[in-house]
Amino acid sequence: MAETAEEETPIVINEEDEEKIIQYYSSFHLILLVGDGDFSFSLCLANSFGSASNIVASSLQSHEEVIKMYKNGKSNLEKLKALGGTVLHGVDATKMQHHSDLRNRKFDRIIYNFPHAGFHGSEENNHLIQMHKNLVGRFFGSAKKMLRVDGQIHVTHKISPPYDLWDLVGLGSRNSLFCIDCADFKIENYPGYNNKRGSGSKCDEPFHLGACNTFKFIFNPPRKNVPRTKQKKRAPSQSFQNVPNSISPPIYSHHPAYVSDMNGFPIHAGYDPTSEFFRIFKPHISYIQETFGRVDVDVELSVRRAIHHGALMFRDEARRPPEDYLAILEEFHCWSRSRITRLQQELQDLDRRMFERQGMGCYP
């Protein structure tokens, strides 16, 4: 519920007003902050704008709980209200559109910093990861209904393992939200903001940030009444059931010069550190070399992480069209297929040697 019973009036911006900006947020934006902990992020924005009249700050906790949980909670709330901000408590991030004070509101920016479903064991636990993903997915489903035209949803999140497995871009896509940018998050760019654990006996303590990004989404609803064209069935992909005696890579649209292996790894991938492919996927290649043969290693998970990290690195550093990254992915695919072919050949050779040692005649 709202801390005050006053009815909000729409923000009126005069042409003579000076726009004030901090990072991606403007004093001309109507901003909703979700799950703001001790409300220090909202206060940071308000201090930068010189006013909080364009800010609606919310938390799941009640007013009493915020004051009890955070030593600066009371003072932050008082300062925020003094600057003209609206404070709401008991706001469920997964169904905000039904809240009595938000039901008919639309926003230019909806911000959710470090969403978290609670501390219920190791962050690498698949069940906990799914809980986090459910929270973010349902938040997206609610927030997209509260955007103004050209509005954006911003979610700041860790990008190191296992947090990368939350797949924010995919969760957004399933809610008709398109990720237009993924920018580095530096807490020092937000003076006065203090990230908090938010639950348990250490609720008022900060958590380690590490590498973080602010994911920016826009609402991109699917086009309706678009006739579907029938797709011709494609021939099945090349099978590896019959492995040739010599190593030959699959057919691709281009023919990179690194398909010949050196100690099981393509020369280009392992010995040319200046290549863009090697720069992006070197950690993954090293990981494969270090963990090969271990039963506790999930190869599919490793590949998913590598592709996701590569996409983030390419988008943040290269600033080039996505088609360029697709070409790098094709190199990655070719490297992987060449590696698989090499390993299958080695297994076949091992089978042949064991077959012959056991005196079973010629290998079939």
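How many salt bridges does a search of the whole structure find? Two. Keep in mind that this is a predicted model. Let's take the pairs in turn.

Where do the partners sit? Arg-148 is in strand β7, residues 147–158. Asp-108 is in strand β6, residues 107–113.

Asp-108 has a relative accessible area of 14%. The cut-off for buried is under 20%, so Asp-108 is buried.

On to the second pair, Lys-216 and Asp-181. Here the side chains meet in a salt bridge at 3.3 Å, again N to O. Lys-216 lies in strand β9, residues 212–219. Asp-181 lies in strand β8, residues 177–184. So this pair ties together parts that are 35 residues apart in sequence. Lys-216 is buried, and Asp-181 is buried too.

Next, the cavities. The structure holds one of 30 Å³ or more. The largest cavity has about 40 Å³ of space. What lines it? The lining includes His-157, Lys-158 and Ile-159. Tyr-163, Asp-164, Trp-166, Asp-167 and Leu-168 are also among the lining residues. Phe-215 and His-308 belong to the lining as well.

How do the residues of that lining divide? Five are nonpolar, two are polar and three are charged.

That's the tour: two salt bridges, and one cavity of 30 Å³ or more.

Note on methods:
Residues numbered from 1 in each chain as written. Predicted model: local features only at pLDDT ≥ 70, side-chain atom pairs only at ≥ 80, totals over all residues. Heavy atoms only, no water. Salt bridge = Lys/Arg side-chain N within 4 Å of Asp/Glu carboxyl O. Helix = DSSP H or I, 4+ residues; strand = E, 2+ residues; numbered from the N terminus. Buried < 20%, exposed > 50% of the residue type's maximum accessible area, 1.4 Å probe, protein only. 1 Å grid on protein atoms, 1.4 Å probe; cavity = no way out; pocket = protein on both sides within 12 Å on 5 of 7 lines; lining within 4 Å. Points joined across faces, edges and corners; volume = space filled by probe spheres on them. Nonpolar A, V, L, I, M, F, W, Y, C, P; charged D, E, K, R; others polar.
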